[in-house]
Amino acid sequence: MDVFKNLHAGNTLRAYESDFRDFSKYLDSIGKHPEDVTGTTIINYLDSLKEKGRKYSTIQRRLVAIRAVYKEYGQMMEQEAQARGNKEFVYHNPASTDRVKGWMKALRKTIGIAQKQKRPATKRIMNAFLSEMEGDRLIDIRNRALLVIGYAGAFRRSELAALNVEDIERDNEGIYIIVRKGKTDQEGQGLKKFIYYGERASQCPVRLLDAWLRAAGITEGAVFRQVNKGGRVGNRMSDKAIYNVVKDAAEKAGFDKSEFGGHSLRAGIITQLADDGVEERDIMRHSGHKSIAIMRRYIREVDIKKKSPTRGIL
């Protein structure tokens with residue numbers, strides 16, 4: 001990536017660094033410099049990913065990274081040309097050629113784009129998780145709080161990991177939680193959510209959260225923190241650690257843990273709300289979805305089940 005050191009928008013390189021690094025390794029392996037890349041080079045690279053069995057989503061993500069980086073490179077080249085007096089120079093992005101687009105279209109038909117989504121942890125499944133998580137160890141108290149807050153707030157695991165005590169506001173009927181910056185809120189404008197007290201203390205998001213904060217002695221900073229084997233509270237949990245908590249909970253409750261992940265909590269509450277007949281706009285306001293098309297994926301799953309004519313056929 002040395003050839004791109006002088007790009008005027010370094011944030012683009014940082015955002016796509018991991019995916020573009022893989023492409024750079026491929027270029028090194030064939031002895032080609034980044035500035036000499038053509039559409040054919042990119043197609044050959046993408047084809048190598050296909051031969052390795054990479055998913056369509058992975059191949060598409062790599063192409064998006066390549067296209068973004070070369071877009072920035074092209075803008076730099078055009079600015080330099082204009083500075084030399086060549087105002088007619090136009091850089092053509094090698095990742096945006098018709099051949100590359102056609103290859104991706106053919107790949108879509110060949111291997112498909114269906115993604116195996118993690119199983120949503122709906123109300124019934126959450127109850128099963130919690131019933132198997134009884135215990136007075138600090139880590140048990142934390143995990144119960146993490147699961148119910150993640151579920152009730154429709155949080156992404158990255159949002160749970162970033163949550164601070166200062167983001168919580170108290171109310172007589174529950175708590176407000178402010179998401180300072182999320183996946184669809186890159187400018188950091190924030191999103192405020194409200195979570196009511198639950199009817200049962202053993203499943204109440206607010207009470208379980210308070211129990212964790214009290215037990216861990218947390219009054220400021222990160223809400224969800226590491227707990228070592230000796231019960232000592234450490235630094236902020238990573239989103240990967242949260243992912244593992246969900247999978248462990250699923251396994252303890254007798255489910256196939258490979259079907260669950262960090263997104264299961266968020267998917268679970270959205271699916272449950274859709275099943276309960278909550279209006280789309282209210283679900284989106286709570287989940288923070290910007291795209292109704294994406295949010296409707298959950299509703300489609302509910303509709304397929306509700307409208308199936310097979311109930312009672314045997």
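How many bridges join β2 to β3, and in which direction do the two strands run? The points below answer this and describe other parts of the structure.

1. Basis of the note. The model is predicted: local features need pLDDT of at least 70, side-chain atom pairs count only at pLDDT 80 or more, and totals for chains, interfaces and linings use all residues. Residues are numbered from 1 along each chain as its sequence is written, and side-chain values use heavy atoms, with hydrogens and water left out.

2. The sheet. The answer to the opening question is that 6 bridges join β2 to β3, and that these strands run antiparallel. Strands here are DSSP runs of E with at least two residues, and helices are runs of H or I with at least four, both numbered from the N terminus; two strands pair if DSSP finds at least two bridges between them. The open sheet has 3 strands in the order β1-β2-β3, with antiparallel pairing. Its edge strands are β1 (168-171) and β3, each of which pairs on one side only. Neighbouring strands are turned by 25 degrees against each other on average, direction ignored; axes are lines fitted to C-alpha atoms, and angles run from 0 to 180 degrees between N-to-C directions.

3. Strand β2 and its partners. β1 is joined to β2 (residues 174-179) by 4 bridges, and the two run antiparallel. Together β1 and β2 form a hairpin with 2 residues between them. Glu169 stands opposite Tyr176 in β2, while Arg170 has Ile175 of β2 as its bridge partner. Ile175 also stands opposite Ile195 in β3. Since 5 of the 6 residues of β2 are buried, this strand is largely enclosed by the rest of the structure. Buried means under 20% relative accessible area, exposed over 50%, and partly exposed in between, with a 1.4 Å probe and protein chains only.

4. The second largest pocket. A pocket is defined on a 1 Å grid over the protein atoms alone, as an open set of points where a 1.4 Å probe fits, with protein on both sides within 12 Å along at least five of seven lines; its lining residues have an atom within 4 Å of a point. The second largest pocket has a volume of about 730 Å³, the volume being the space filled by probe spheres set on the points, which are joined across faces, edges and corners. Its lining has 25 residues, of which Tyr151, Ala152, Tyr196, Pro205 and Ile269 lie nearest the centre. Two or more lining residues come from each of α6 (123-131), α7 (138-152), β3 (191-196), α11 (263-275) and α12 (280-287). The largest share, 4 residues, is that of α6. By class, the lining has 15 nonpolar, 5 polar and 5 charged residues; Ala, Val, Leu, Ile, Met, Phe, Trp, Tyr, Cys and Pro count as nonpolar, Asp, Glu, Lys and Arg as charged, and the others, Gly among them, as polar.

5. Helix α12. The buried residues of α12 are Ile283, Met284, His286 and Ser287. They cover an arc of only 165 degrees around the axis, which puts them on the same side of α12; the arc is that of the directions from the helix axis to the C-beta atoms. Arg281 and Arg285 are exposed on the other side of α12. Just after α12, Gly288 takes a positive phi of about 85 degrees.

6. Ala154. This residue lies in the loop between α7 and α8 (157-162). Ala154 has a positive phi of about 50 degrees although it is not a glycine. Most residues other than glycine have a negative phi. At 1% relative accessibility, Ala154 counts as buried.

7. Thr38 and Lys71. Thr38 lies in the loop between α2 (17-30) and α3 (39-51) and is partly exposed, with a relative accessible area of 37%. Lys71 lies in helix α4 (residues 56-83) and counts as exposed at 52% relative accessibility.
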